[in-house]
Amino acid sequence: MPMPVGLEPAPTTARFADQVQAWDDSFGMPFARDYGDPEAEYAALREGVVALEYSTIRKWYVEGPDAVAAVDAVFSRDVDSLPYGRVAYGVVVDADGLMIEDVTVVKFSDQEVIMLGGEMLTQEQLERAVPAGTTVTDRRSEIAVASLQGPRSRELLQRLTDADVSNEALPYYGSLTGVTAAGAPATFLRLGFTAELGYEVMVPVEHADQLWDAILAQTDLGVQMMGMTAILVARTEAGFVMGGFEYDRETLPFECSLGWTLDLEKKKFQGRDALLAKKDSAPTRLVSVVIDLPAEGLDGQELLAGDVPVGRITMAVTSPVLDGQTLALAKVAREHARIGNELGVAGKGGIARAVVRKTPVFDPERTHVRS
């Protein structure tokens, strides 16, 4: 399908355009909605390995003598104490403690830190935080990213590189630099958005095609391209949040299950004092809900206690993990967020039952990502 007008092409947009059934907008770049069979894409994720064109994420390189201090000033995790090569997931909030976005940070050295995100407002926070002599550069246009996800993703990655990518050499939330992938200079990050074992492979854009040639040549592994539709099912089952759904610019991290990413013991970061003042008064909580209605059309619907609205569905999907039941993430008033609590959703036949479930419903101990 032709790329939507007005978007900046990703490194491989033209390569995959004839396979893509529809496009979504991911921070101004096209992201495939699906490649013709999202159910098969989901099955490949859970049973084998999928590959995602993941170049749409912005890559802010903060470089210079005050790189760590600059990122620490806006990021919710403690970068100063983060070991070299480790990855940290957290948030950037405004001065009032309200969400800008969730981001990932990689500390390569005291003078080189990368933040991965998407919102230009995040870049503005970084640019305000850096003193003279330290720089912020978005290298999205220079770096292509392929994400490999699924139980056989390590096997696929190992075929692309001579580097040791065992669990010991490249643990969860770890990175490897100065390596090669399909003969191209590369950086590996072990993370993902699916709750499966996964990696992100970063190479210069001029090497994108040779990387993808090598990935797709592994036909015996059954590697399959995966788009946004399958991702949304997987991330809902995993309880992972997305901007525009579980949070907006009026949301506190405590309200979208991201309170755990706040290192409030840090002496200072943007919004810290506001978060300390509000942490016990956040009015809503993010929960998983199983609903006795088809998923279609439920996004944005109110959740009811009796006839009183007490929450809102952020996204509903048909969940393979729950044998086809409708699973939703929802923001609910904290007094109604208890596991097992029964709420209601208005449907054509009246009020349907919605039961709060423990989050996540898929792999609650996170054993897959650490395997």
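**View 1. Val-62 stands opposite Val-113 of strand 7.** The model shown is predicted; local features need pLDDT of at least 70, side-chain atom pairs count only at pLDDT 80 or more, and totals for chains, interfaces and linings use all residues. Residues are numbered from 1 along each chain as its sequence is written, and side-chain values use heavy atoms, with hydrogens and water left out. Strand 4 (residues 58-63) and strand 7 (residues 112-117) run antiparallel and are joined by six bridges. Strands (E, at least two residues) and helices (H or I, at least four) are DSSP runs numbered from the N terminus.

**View 2. An open sheet is formed by five strands in the order 5-6-7-4-8.** The pairing is antiparallel; two strands pair if DSSP finds at least two bridges between them. Strand 5 (87-93) and strand 8 (135-138) are the edge strands, each pairing on one side only. On average, neighbouring strands of this sheet are turned by 25° against each other, direction ignored (axes are lines fitted to C-alpha atoms, for helices over the stretch in contact, and angles run from 0 to 180 degrees between N-to-C directions).

**View 3. Lys-266 lies in the loop between helix 7 (228-238) and helix 8 (272-278).** Lys-266 counts as buried because its relative accessibility is 8% (buried means under 20% relative accessible area, exposed over 50%, partly exposed in between; 1.4 Å probe, protein chains only). Its side chain makes a polar contact with the side chain of Asp-72 at 2.9 Å. A polar contact is a pair of N or O atoms within 3.5 Å; within protein, one must be able to donate a hydrogen and the other to accept it, and residues adjacent in sequence count only if both atoms are side-chain atoms. Leaving aside neighbours within four places in sequence, Lys-266 is in contact (heavy atoms within 4.5 Å) with Asp-72, Phe-75, Ser-76, Arg-77, Asp-78 and Arg-272.

**View 4. The largest nonpolar core has 35 residues.** Such a core is a set of buried Ala, Val, Leu, Ile, Met, Phe, Trp, Tyr and Cys residues joined through side-chain atoms within 4.5 Å. Among the residues with the most contacts inside this core are Leu-148, Leu-157 and Phe-188. Helix 6 (208-216) is one of the elements that supply at least two residues each, and helix 6 gives the most, with five.

**View 5. Helix 2 (residues 38-47) has buried residues Glu-41, Tyr-42, Ala-44, Leu-45 and Arg-46.** Their cover includes strand 2 (29-34), strand 3 (50-53), strand 9, strand 13 (224-225) and helix 7.
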